Amino acid sequence: LATGFGEAQLVSSFLQNEQEIYLPALLATTGADYVIQQHCRATGPNLHLLQAFAIRPVVLVRNIFDVLLSWKEFLDKGANFYTLFPRYHELSDEERLALVIDDRAPWYLSFFASWQYAISTGYIDGFWMTFRDLTADPRKALESILKFYRINAEPGRIEAAAESMVRDRGSTRFNKGIVGRGAEAFTEAQTAQVRRLAGYYPGVDFSLIGL
């Protein structure tokens with residue numbers, strides 16, 4: 001809303017596949033301005049395409065325990081139908097929490113570490129945005145993103161976009177949006193497991209995602 005750009009997706013398909021940047025879709029969007037929201041890591045092929053097309057990404061990150069809890073609640077609502085866990089509904093709540101740690105935590109840590117390396121080394125020009133900042137002051141967050149892209153948007157459009165983020169949560173599958181909920185959902189042992197997994201990335205500063 002703030003820019004007036006259209007929305008597009010740069011994936012070949014969704015569901016169980018990794019959301020890698022799909023070159024044919026990227027070529028199809030060339031010549032026009034679009035807003036792209038995509039869950040992809042800073043893999044070599046993705047970075048090469050971003051460089052080739054001079055794309056500067058905004059990397060939105062969130063506290064890892066909030067991410068894991070949000071993902072569990074998404075599966076609880078029936079999204080497990082689209083995953084490789086068809087018997088998810090038969091699991092206890094404790095087993096579901098364990099599953100999301102085993103399944104999602106490694107990916108999210110890899111996601112964060114890949115983008116931190118790519119941006120800190122100057123391989124790609126990216127902009128960090130935290131979920132906390134985005135929800136605390138949507139207008140300020142949008143203004144900082146627009147500044148990164150050197151886009152001059154009308155104040156009225158920015159205000160409308162900020163209000164829409166709060167009002168139209170259903171259209172974006174926005175869950176509760178409460179920062180810090182995840183810290184109370186997991187046991188000390190489960191929290192320790194996540195921190196152990198993060199230990200495989202020495203030198204990576206995970207403080208932005210609560211570690």
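## A first look at the chain

The chain has eight helices and four strands, where helices (H or I, at least four residues) and strands (E, at least two) are DSSP runs numbered from the N terminus. This is a predicted model: local features need pLDDT of at least 70, side-chain atom pairs count only at pLDDT 80 or more, and totals for chains, interfaces and linings use all residues. Residues are numbered from 1 along each chain as its sequence is written, and side-chain values use heavy atoms, with hydrogens and water left out.

Along the principal axes, the C-alpha atoms fill a box of roughly 50 × 35 × 30 Å.

Now for a pair of helices. H3 (residues 64-76) and H4 (residues 93-120) pack at an angle of about 125°, with their axes 9 Å apart. Axes here are lines fitted to C-alpha atoms, for helices over the stretch in contact, and angles run from 0 to 180 degrees between N-to-C directions. That makes H3 oblique to H4; angles under 35 degrees count as roughly parallel, over 145 as roughly antiparallel, 65 to 115 as roughly perpendicular and the rest as oblique. Among the residues that meet are Trp 71 and Lys 72 in H3, and Arg 96 and Tyr 108 in H4; contact means heavy atoms within 4.5 Å. By class, this contact has eleven nonpolar, no polar and six charged residues. Ala, Val, Leu, Ile, Met, Phe, Trp, Tyr, Cys and Pro count as nonpolar, Asp, Glu, Lys and Arg as charged, and the others, Gly among them, as polar.

Two single residues are worth a visit. Arg 56 sits in the loop between helix H2 (44-52) and strand E3 (58-61), while Leu 208 is in the segment after helix H8 (188-198). Buried means under 20% relative accessible area, exposed over 50%, and partly exposed in between (1.4 Å probe, protein chains only).

| Residue | Relative accessible area | Class |
|---|---|---|
| Arg 56 | 19% | buried |
| Leu 208 | 40% | partly exposed |

Not counting residues up to four places away in sequence, Arg 56 touches Asp 125, Phe 148, Tyr 149 and Arg 150. With the neighbours within four places left aside, Leu 208 is in contact with Val 61, Phe 112, Trp 128 and Thr 130.
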